[in-house]
Amino acid sequence: MTIQLKTLNEILHNLDEKKHWGTKEYFINMGPQHPSSHGVLRFVLKLEGEIIKEIIPILGYIHRGIEKIGESVSYRNFVHLTDRCDYFSSIINNWAVSRTIEQALNMETNDRIETIRTIFAEIQRIQSHTMWWGVFGMDLGAFTPFFYGFRDREFLTSIVEETCGSRLTMNYIQPGGVLYDIKSNFIKRIKQYIKYLRPRIEEYERLISDNVIVQKRTENIGILTKEKALSFGSTGPVLRASGVPLDLRKNDSYGVYDKVKFSVVIGTKGDSWDRYWIRIEEMRQSLNIIEQLVDNIPAGKHMVTKYTTKIKLPVGYYQSSIETARGILGIFVASNGMENPYRIHMRSPNYNNLWSITDMAVGLKISDLVTIVSTLDLIIPDVDR
Amino acid sequence: MINYSVDNFANLVDNSNNSTVIEVAFYILSIFITCLIFISLFVMVVVYIERKVAAAFQCRVGPNRVGWKGILQSVADLLKLLTKEKITPLYSDKFLHFISPMLCISASFMTLLIVPFSPHIQIINIDMGILYWSAISSLGILGILLAGWSSYNKWSLISAVRAASQLISYELSIILSILTMIIFTNTLNIQKIVLSQLNGCWIWRGHVVTLIAFIIFFIASIAELNKIPFDLPEGESELGAGFHTEYSGMQFAFFFLAEYVNLFITSTIIVILFLGGWLPWHISGFSIFNELMDSIPPIMWLLLKVSMIIFIIMWIRWTLPRLRIDHLILLEWKFLLPTSLANMVLASFLVLNNLYFYV
């Protein structure tokens, strides 16, 4: 199955040929400064009344050339840049780069490092999903969930801050270990948090999931079929909502994910409700994973190499992927044996997830487009990089 | 039972036969200034309260820097709006763009004329008061429509069209609910509607009929006020700010003022029709309690009931998400309108057979 994507130029060119614009249809710019574009994403919509006839995403408003900058910095330094891509799963991004480098160098890490990495990755996932839940509520027009989401993220951020020293761009995982060992009261506080968040998720359900307006606005809206989702290259909750149980935590089982029990949540229809529901369930699963791991973190060093050792990859191409909060993040490194990578490419989940709206939103209304963009959980700095 | 004699300010002019043009002009001016002062004070207080209520719902503190507990925040906001530059978009329809905020605010001002704060405090007591309210409050829609149209902004235009379809649809339910209540009260005069509830508020007296009318009126009036869950014309996450996107400074403040004045007046109409207006609440048999209630002045009673309604509207506003436009229209035409029509028939049946309580 192939997907046809049209550019704005092509559409306008066709219109000129016909010399007939019609009176019903009109173009409208949604973004880059639109409240629900989650950053600086721009859509050009062709509307008839409020019905979307065509939708063209236009990217590049926050392109910083992170891949290009990566060519002139060392491997260790590039890890710090990945924080700025998908800023709601910065630790997982760090891990993706570190994993590629470790695999290229055949570097062995110990159990303690892998356990800490897994716990922090799951913390990030919860943090990202609570935050997303709040923004989802706000996109639907309810302000209160936004503050609830931030409140619950705040608790977790302060726990992470104790160990990493920062709150958003965490810079925690490095090739060969983690930057700092966990603080002494980390385990105590994370247990407190698990106890705190479980009733909060029930509260989320009462406030948003049980609300009939939300159900009406998400059910059967923006259906992404299994085939379409696969051909768009969607990953993460978006793909799983369409009924494909692809989760690298299970399928690839990096870190210590093979030692813990958790289930991969999948949807049935692939509509907005499924995408919503999967993220709520994933928060519960992540809590389970943390709960299983936090009691028995093995002893050992937190870094197997010194932070100052220079990394040189052997000549060749290296690739590895990891499951972030939004899908599969692939890091491709081409090395020519120097201290800097010759070329780095990131296969970001958001970029591929984004294009599925060109199929989903056609025939729906502006309000539905807002819902769909929200359930795709896009981070625009990661789309543009 | 206390006998309430109804009076209003307009009588002062009517009764004196030798009133000159200057006196009448002075009278109108004084009413205008009183309205202005009342509106500004009221809006400032309600905005402050709304921000504090929202903060309480959202686990935060709310305004707390300007003055004691942030009490002067609204004054600061007003000063900011007064000093902001007025910007007119380049290709906008300048005249319509200029008058549409005025239309909105003047419609709100005019409806304030008939609000009975107490038996004696009312600007003018006309015999078709409730009809006057429903007619004049619809003028505000014109302001919104023209604002969206003249802004030369497609988002504003979408908002204006949404506003027109929403407000006109929900007007029907409001009128039908009012008609249902008029069947009970047998009068259009607002003071007489209040006095007809001396034996008890209408919300309890009509079996389920008045309760249904109350609920429909309440839902429809939230839609008329553009509050969440019916805030489609200014749906922030969809349309930016909707019809007032291209307005700044005092022109924006006019829309803002009109919104809050409408909030007050609509709540007042709800209170007058269903909850007894300025009449005190009594429990039959508890004479001491009833005397205590009587000692509270009527204006306090009205403001108390109105603030209760406003609080419920705020509660809904900070809890629910927004409806989609087609759901909104379906809710009105397929559910609220047939229900209120059936309700009206039931009401006439009840009244003809004198089946309601405390006849």
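Let me start in chain A, where β6 and strand β7, residues 328-335, pair in the antiparallel sense over eight bridges. This is a predicted model, in which local features need pLDDT of at least 70 and side-chain atom pairs count only at pLDDT 80 or more, while totals for chains, interfaces and linings use all residues. Residues are numbered from 1 along each chain as its sequence is written, chains are lettered from A and ligands numbered from 1 in the order in which they are written, and side-chain values use heavy atoms, with hydrogens and water left out.

Two terms come up throughout. Helices (H or I, at least four residues) and strands (E, at least two) are DSSP runs, numbered from the N terminus. Two strands pair if DSSP finds at least two bridges between them.

Back to that sheet. It is open, with three strands in the order β6-β7-β8 of chain A, and the pairing is antiparallel. Its edge strands are β6 (316-323) and β8 (343-347) of chain A, each pairing on one side only. On average, neighbouring strands of this sheet are turned by 15° against each other, direction ignored. Angles here run from 0 to 180 degrees between N-to-C directions, with axes as lines fitted to C-alpha atoms, for helices over the stretch in contact. For one residue pair, take A:Ile322, whose bridge partner in β7(A) is A:Leu329. Helix α4 of chain A, residues 90-105, packs on the sheet and touches β6 and β7 of chain A, its direction making about 140° with that of β6(A). Contact means heavy atoms within 4.5 Å.

Chain A has another open sheet of three strands, in the order β1-β2-β3, again with antiparallel pairing. At its edges stand β1 (25-30) and β3 (51-58) of chain A, each with a single partner strand, so one side of each has no neighbour in the sheet. From one strand to the next, the twist averages 20°. β1(A) is joined by six bridges to strand β2 of chain A, residues 42-48, and the two run antiparallel. Within β2(A), A:Lys46 is the bridge partner of A:Phe27.

Which helices lie across these strands? Helix α15 of chain A, residues 366-376, lies across β1, β2 and β3 of chain A, at about 150° to β2(A). From the other chain, α7(B) lies across β1 and β2 of chain A, at about 115° to β1(A).

One backbone detail in chain A: the phi of A:Asn220 is near 60°, a positive value in a residue other than glycine. A:Asn220 sits in the loop between α8 (212-218) and α9 (226-232) of chain A.

Now chain B. Its domain assignment gives domain 1 (8-83) and domain 2 (89-352); such bounds come from an automatic or database domain assignment. The centres of the two domains, taken over C-alpha atoms, are separated by 19 Å. In contact across them are 22 residues of domain 1 and 27 residues of domain 2 of chain B.

On a 1 Å grid over the protein atoms alone, a cavity is a set of points where a 1.4 Å probe fits but cannot get out; a pocket is an open set with protein on both sides within 12 Å along at least five of seven lines; lining residues have an atom within 4 Å of a point. Grid points are joined across faces, edges and corners, and a volume is the space filled by probe spheres set on the points.

The largest pocket has a volume of about 1,200 Å³. It is lined by 45 residues, and the closest to its centre are B:Val47, B:Phe252, B:Phe256, B:Tyr260 and B:Arg317. Where does the largest pocket lie? Domain 1 and domain 2 of chain B both give residues to its lining, so the pocket lies between them. That lining divides into 23 nonpolar, nine polar and 13 charged residues. Ala, Val, Leu, Ile, Met, Phe, Trp, Tyr, Cys and Pro count as nonpolar, Asp, Glu, Lys and Arg as charged, and the others, Gly among them, as polar.

A search of the whole structure finds one cavity of 30 Å³ or more. The largest cavity has a volume of about 310 Å³. Among its 22 lining residues, the closest to the centre are B:Ile144, B:Glu224, B:Leu225, B:Ala258 and B:Asn262. α12(B) gives the most to this lining, with six residues.

Last, a cis peptide bond joins B:Ile228 and B:Pro229, with omega about 5°.
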